[in-house]
Amino acid sequence: MNMYPQRKYCLLKPISARRLFNTGSRHRWLSRIPAKTQTSHIMSKRKLQDAHLPVGECITEVQKILRERLCHQRLPDKPEGVEAQHRHLLELLKRTAIHGESNSVLIVGPRGAGKTMLLRCVLRDLLEDKEAQKSLLQVHLNGLLQTDDRIALKEITRQLHLENVVGDKVFGSFAENLGFLLEALKKGDRSSSRPVLFILDEFDLFAHHKNQTLLYNLLDVSQSAQAPICVVGITCRLDVLELLEKRVKSRFSHRQIHLLSSATLAQYVERVQTQLSVPEDFPDTKFAQEWNDSIKVLCEDKSVEEVLQRHYNSSRDYRSMHMLLMLCLSRVSVARPAITPADLLEASRLCFADAKANMLHGLSILELCLIIAMKHLNDLYEGEPFNLQMIHNEFKKFLQRKSNSMYNFEQPVIMKAFEHLQQLELIRPVDGSSAKTQREYQLMRLMLDHSQIMDALQKYPQCPTEVKQWAMSAFG
Amino acid sequence: MIFSTRYCGFVPWMLFASFTVLFAIEEKRNAMKYFTRLRVRRVYTWRGKPLRFNRKLKTFEYGSLSIKVDGLPRTTIINAGQHILIEGEDEDNPYVAKVVRLFGDESGKQKKAVVQWFARVSEVPLSKLKLLGREPHPQEIFYYQGRSCDDEVNAESILRPVQVKHLDGPAPFPDSDDKDTLFVKLSWDSKTFKLVESAVVESASEPTPASSPPPFPKPSLPPSPPRSPPAAAPASRGPSRRALPTPDPSIMHRASSGEVRYRRATMSAGKASTAEAESLHSTSKLSASKCLSAKRRCSSASTPGVRKKLQLNSPEKMTREDLVDHLLDEELESVMLAQRLSSSPPQAHSLPHSLTPLSKTHRAPSTPLTHRLVPLTHRLTPFRKTLGDPSGEDAAHLNPSDSPPSSAREDSTSPQQRDVMEAEFLTGSLKTPRRRNDTPKRDLSTRGQKAATPSRKKEAKTPREPALAALAEVDNENSPMLPSAVTPRSSKRKSAQLVSSRIRKQLNLLENHQLSDSDGEEEDEFVPSKKELQSSSEEEEEEEEEEEGLDSDEETVGKRSRRNAAGSLTPRSKRKTHVSTRTQRKTPNKKITPGTPRTPRHATPSIPSRSLPARCPGNVLEEARARLHVSSVPESLPCREQEFQDIYSFVESKISDGTGGCMYISGVPGTGKTATVHEVMRCLQHAAEVDEIPPFHFIEINGMKMTDPHQAYVQILQKLTGQKATADHAAALLERRFSNPAPRKETTVLLVDELDLLWTRKQNVMYNLFDWPTRRHARLVVLTIANTMDLPERIMINRVASRLGLTRMSFQPYSFKQLQQIIMSRLNKVKAFEQDALQLVSRKVAALSGDARRCLDICRRATEICELSAAALVGMSHVMEALNEMFSSAYITAIKCASVQEQLLLRAVITEFRRLGLEEATFQQVFVQHQALCRVEGLQPVGVSEGLAVCQRLGACRLLLLEPSRLGVLQRVRLNVSQDDVLYALKDD
């Protein structure tokens, strides 16, 4: 029931993702010291107070704690920067849980702003109250998982353990299920039935369901004297209310909790520091002290500040920050038992790396030449689409000028290179062009910016000078 | 002594006769049932001449109606006073009623009947069934006392007679699988259930004088022991095969018919008796036995002279009949006493009545009168015991505590027990001197059986038939005796004893006479030919089988055959096999069901209830908040008085006229449409409760609360009748319900909320909803609610819009004064708001939408803010804050809170738009601007990937509108906010 579905929208770039999950260094390190760890475990238990763990042990522990924190597996003790929202939401849910008052609320904020974290913190705090814990029922839905009302209804019925559930299966048709659920909610009343908390993650996607039946019914229940429910929607769309039909909208209470962080740079840096610090109950106090000190030093570093400034300018949300810190953390090892400014710079470089430019590095000279030809065509015709024949002609002109036959390729070879570029999605056919046209004449567009091409050329290993010159010359 | 010998003689015959009668009825019923199923045409004709002519109404009254079914030689006779089934919209559950009067018009074309209705469980609204406080028995019916039903029906809607039994309040329902017997315990007047007197059920609406001619006129018989066999049957009705009527009702039933018969005779003789009126009058007041005796008295008197004497009712002048009557009455009384003691259904006692004396009198001629009390249950054992034991068992018999278990057994008409009974009777009857009669009959019956169906299954059942036949015979032969047993109950016991000896003598004589020669002709007249009987019973059995087969499809042929094979000729073993087959039958059922579990049919959906009670509001603000919640129902709906009045009068007039109509109500959300209609319905229901208007049925569907427009049919049907059906079937059923003339229909008020959701391409759902009210017999009022005023013109095709009609009403958005009034009335003197604050809220909301819900929500939020700021009263500042929270657009805040790069990108977008002069640009174009701006701002230019990420973030918040991200730099970008807003938000930086 308390399952939080993993979000699909992973913002990780392919490369950084690979790096992120590359925990090889740690494993290598673990294998290097096999027997010691066993004994040290016993030791740590015996003398916990003046524990002086081996460095390896400490680093493992630090990485464990920080990974949990950065991968959102452990909630912060207190949400930062959203105290007012936290209080508002907690009060609201408390009234539902304890007074049986029906409510509806939307939590709105950009991606990665901590909406789900806020809700989870609130729920954690709410459930500390025994009375609330005893009575509150929770239903978690996600617009990405419950893609239509039929599935959503089944999920609700399942999570509420209503009577038409056998095991994990819900029986009955869509209409029956709806009728059943509505009947169930209708039978309840404010004072006697257990309050139900409906959490609709990706709320905006529910608004796209047919007729918004589910939303209408949930909000209608929340506005009528039936079983007490609280509908909490989580969305990143600011215009979510415009998605609702007017009768659905009228039934919504229009409470919105906005999570818009207006943190300053100083706060941002401080946040980084707290995120990287280890808690005080760390087994090895000495190591903890050292680690925290090193983090403090790190954050005061000039270059680090610059990097953080750049990240701050780019985005202020938690998730991008966590990604950066995660990259830093994975570089920590026994040999380098602290995060250095260099680590942060490297991590930042990875974060800002241009995906397309990296792909250009892997192209052959011929393919690169074709790209350059396309760039020239783009310059020449101001972004009009082009076809293979035009590119080939442009390429031929270049070859003629240079009178160097080393790049003279047959038509089929060029065709193959062209197809490869299309597969890499560096070029894409114009939408309207039909598949019937011969491949040579199919209109294409380049999906690269000039700056990306020039960047790639600069870094391309052993790039022939004439090609470089050709690329830089104003006209083909 | 003489008395007992008399019993010895006639009782078995009585029994037998009753069997025959029942058999005949049964047969008819089954025939009718069978043919109704096949939808065979029925021909209705009056029997006999009109009894009376009503000059005013120009109607002829008739005594009985005969129904002839095409292709079936027999006819069914419907007499006044009989319980009948009347065609209704539900084929399986036709209406139940009791005929009061039958009449037709001059031309003879129209045949009508005045009936007293009974309501089936399914006809009682589901909500009211709760009043019952228990699960209704499926066979239970309620004596209907509502006023709203037309008690005049078309006689041609009569299907067939039916058995109706009255049960005492606490008495359990007989454990019967017989679908054809219905039980009355309570009366239903559309509001409450009340206990009903058996007398009321049976005779409150006794047929008016001269309503039924004697079904079996036998002018040849001497008048003094009135020959009406049905009247004689009471005691022996108990053991009939199935559909046993309770003795009391049946006795009275018979009695009444006997009376009627007699009345006709008197009428024909030209003497309207005042006494009759008197007795009739008394029936309504007297207890069941009293009225019974009264009727018997009437019927027993064969000549006016005797009757007159009887009316004097003096002990001195009592005739022999009177005395017998009296004795029987005593008996009846005691039976009733026993019933009460054992609280078992009355029917149980009727049998011992006739049987035990039979056995006892063989050896114990001196048994006192009380013997007749012996509960039926001792039927067999005592039977045999008494045969051997001359005097002993009386005490045991008298012990009422013995009766409940066995009587319960007898109630159940389950086949095994029937078999037992029959077997016992068989043995019993064999001991009677009329044994010889049995043999030929058995032959006959078996022969008939073989002719009809050669299957073995039938053979297994043969042993039953002779027994039945024999029993029937008994009844028959006994019949002349019975009227003599009718005594005014009120007559003094002493007098009865005085004359008892004389009676005994006479009875003895009579019995002897009977013993010698009475079987032949009477039997012929009374009982339909044995063959026919046989075959019909077989039919019935077949049908039974069919029904069972239908019930459990999974029953295999193999099982059937096994069962058949198992049937041996001895009754006992047969019973056993029957039992075993039944158990076998049940098992496959269970096996098959779990295969695919479905939604439990009667699962009661509910949210579990909380262990700790919800806390009540603690302070003024909390109280105010609770009152301001939209869900809290206000005492009245202010500001909608006019609309309320209009809807009220519309619906009320339709209800009281018994007509139908449509109304369309429109208005923007939150203007109180549904609330007003609900309020109207509450008021009307209250009015109906205090009998200002006829009762009606209110049901509600909501277009948003169904998954498909066609589900509307399903929901309507379910709310109307509790049935579940598929959409198509439900549509058909509703169509039938609303188009067929069903006489006892309450007006239905149907509220269709969110009408526009019921739109389909063919618009057939809407069409039907609006077409039904126009039907003559529908009595349907449809109130429809939607948001748009011109919905009929916009989405409905002409024929639908035309049927919706022009009764429309539009709810205007609330003005600020109205909103203020609404809040005030909700707060109801809870002082939580400053007056200015209220006015601010209402003005603001009225200016924006006029949505009352919004207004209440804002007030509620304001109380919360107030609570946080620890102020006592909600003031302007709190309200302002709440208003800002709810109305201010988040866009500007969002832009202000966006990161530097995001803000730059927005700026770049605007710059690019200005450059292009278009409101759209590709990311590539915007990106160029973005980099330029970065340089201007002195920031490090961002890469394409990062720029795209920034753009995506803005797109996710819907500050920008983007094409799918796979287009990369080619995707087009648009602003979702006005440029001015963006510039305003960015200005401060």
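Accessible areas, as used here, come from the Shrake-Rupley method with a 1.4 Å probe. On that basis chain B of this predicted model exposes about 41,000 Å², and carbon and sulfur atoms supply 54% of that area. Chain B has 989 residues, of which 57% count as buried, and its secondary structure comes to 39 helices and 22 strands. When contacts in chain B are taken between residues at least 6 apart in sequence, 74% of them join residues that are at least 24 apart.

One helix of chain B can be followed in some detail. After H36(B) comes B:Gly917, which has a positive phi, near 75°.

A helix of chain A may be read in the same way. Helix H5 of chain A, residues 83-99, also has 17 residues, and from its first C-alpha to its last it reaches 23 Å, close to the 24 Å expected at 1.5 Å a residue. Twelve of the 17 residues of H5(A) are buried, so this helix is largely enclosed by the rest of the structure. Among them are the histidines A:His86, A:His88 and A:His99, together with A:Arg95 and the leucines A:Leu89, A:Leu90, A:Leu92 and A:Leu93. The residue that follows H5(A) is A:Gly100, and its phi is positive, near 70°.

A search of the whole structure finds 17 cavities of 30 Å³ or more, and the largest cavity holds about 250 Å³ of space. The lining of this largest cavity is made of 17 residues, and those closest to its centre are A:Pro110, B:Cys897, B:Ala898, B:Ser899 and B:Glu902. Helix H35 (890-897) and helix H38 (944-956) of chain B are the elements that give two or more residues to the lining. By class, ten of the lining residues are nonpolar, three are polar and four are charged.

Technical notes. Residues are numbered from 1 along each chain as its sequence is written. Chains are lettered from A and ligands numbered from 1 in the order in which they are written. This is a predicted model: local features need pLDDT of at least 70, side-chain atom pairs count only at pLDDT 80 or more; totals for chains, interfaces and linings use all residues. Side-chain values use heavy atoms; hydrogens and water are left out. Helices (H or I, at least four residues) and strands (E, at least two) are DSSP runs, numbered from the N terminus. On a 1 Å grid over the protein atoms alone, a cavity is a set of points where a 1.4 Å probe fits but cannot get out, and a pocket is an open set with protein on both sides within 12 Å along at least five of seven lines; lining residues have an atom within 4 Å of a point. Grid points are joined across faces, edges and corners, and a volume is the space filled by probe spheres set on the points. Ala, Val, Leu, Ile, Met, Phe, Trp, Tyr, Cys and Pro count as nonpolar, Asp, Glu, Lys and Arg as charged, and the others, Gly among them, as polar. Buried means under 20% relative accessible area, exposed over 50%, partly exposed in between (1.4 Å probe, protein chains only). Contact means heavy atoms within 4.5 Å. The expected span of a helix is 1.5 Å times one less than its number of residues.
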